[in-house]
Amino acid sequence: MKAVHKELVILSSLLLFSLIFWLSLATFLPTASRDSLTLLWSAVISAFVMMVLWSLIVILVESTIPFLIVWALSAYVGVIWFTTPVFIVGATLLFLAGVVGFYRTKSQVQKTLGSGLVRPIRRALPLMVTFFVITIAIAGYVKVPRNALVIKKLVPEYTFTKLLGYMQPTIRAFDGAFKADRTLTEYLKIKTERAIDADITDEQLAILVAESKARTGKLFSITIDENATLSHTMYQAGTAFLQKKFDIYEQIIPITIAVSLFFTLRIAGLILSWLAIIIAIMALRLLHRFAIVELRAIPATITAYSFP
């Protein structure tokens, strides 16, 4: 097989795994649940394979035009699923970082004595990984649903009821009328009768209780269920209040997720980068043993200062 064909094989492999990565990520992000962990692992494994292939490409590929074409496709293929200007900017930065890293590696190879591989690869891979992570963080910002944070999913009612049961003795020490299994109507009747010293008729009491329930429903933007327990009413009111507050800041939440995702992936990227370098070097040694790649001597002139 000719050298140009070997280059095309490794470049095509990079494009293939890039496609798999962005497809897996685009499918995983909108749900981001335990049920879609297979997609997450698909994205992680394909990203790691991309790092290994990238390390091999910057060393082995000499043809500039095929590299630029394939790398452009690999950087921009995510635009198929993340069709926003901010992602296109991220993909552009990723492409430019890859081009800079490619040429930096070629320059470092010329300066490296013998057949050292670590320093040349380190000139390209960390730079590419940094902007790769930035692009992933942008994808997370674009794809994470604005309504992803649902308070009722984070705090189920059975959990709230159980915690309220533990707290009931303490609450009753301050409010003797409180019982989690009482209805709101029963609770308000007791509170109203204790608050009013004078005797009132049942009709007057019902009017005062109805007014209290109306104020409660309006305050928390909920519909009061006459037969619901006090525990259920408190859960509805509390979750509605918190959800309203979170909805106000729903635009900030994806940004927070994106920033957190960047720092998390950047740390993981450092570990994976070194692992990718080790595997790439082992692969190069193996390919050399089977004569798939070869070592060649490149004449170079070393310039240094000295006394005449």
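Leu37, Leu40, Trp41, Val44 and Ile45 come together as a nonpolar patch on the surface, with about 460 Å² of accessible area between them. Patch members here are residues with over 30% relative accessible area and no salt bridge, nonpolar side chains (Val, Leu, Ile, Met, Phe, Trp, Tyr) being joined within 5 Å and like charges within 9 Å; areas come from the Shrake-Rupley method with a 1.4 Å probe, and for residues only the protein chains shown count as cover. Ile45 sits in helix 2 (residues 37-60). An α-helix has 3.6 residues a turn, so residues three or four places apart point the same way.

The model is a predicted one, so local features need pLDDT of at least 70 and side-chain atom pairs pLDDT 80 or more, while totals for chains, interfaces and linings use all residues. Numbering runs from 1 along each chain as its sequence is written, and side-chain values use heavy atoms, leaving out hydrogens and water.

As for the overall fold, the protein chain has twelve helices and zero strands (DSSP runs numbered from the N terminus: H or I of at least four residues for helices, E of at least two for strands). Of its 308 residues, 34% are buried, meaning under 20% relative accessible area, with exposed being over 50% and partly exposed in between (1.4 Å probe, protein chains only).

Helix 9 has twelve residues and spans 16 Å from first C-alpha to last, close to the 16 Å expected at 1.5 Å a residue (that is, 1.5 Å times one less than the number of residues). Its buried residues are Leu184, Thr185, Tyr187, Leu188 and Thr192. Viewed down the axis of helix 9, these fall within an arc of 160°, so they line one face of the helix; the arc is taken over directions from the helix axis to the C-beta atoms.

Asp175 pairs with Lys191, the closest N and O atoms being 3.5 Å apart. Asp175 lies in the loop between helix 8 (157-174) and helix 9 (184-195) and Lys191 in helix 9, so the pair ties together parts 16 residues apart in sequence. Asp175 is buried at 14% relative accessibility, whereas Lys191 is partly exposed at 36%.

Over in helix 1 (residues 3-28) is Ser12, partly exposed at 43% relative accessible area. A polar atom of the Ser12 side chain lies 2.7 Å from the backbone oxygen of Leu8. The C-alpha atoms of Ser12 and Pro66 are 9.9 Å apart, with 54 residues separating the two along the chain.

Definitions and conventions: A salt bridge is a side-chain nitrogen of Lys or Arg within 4 Å of a carboxyl oxygen of Asp or Glu. A polar contact is a pair of N or O atoms within 3.5 Å; within protein, one must be able to donate a hydrogen and the other to accept it, and residues adjacent in sequence count only if both atoms are side-chain atoms.
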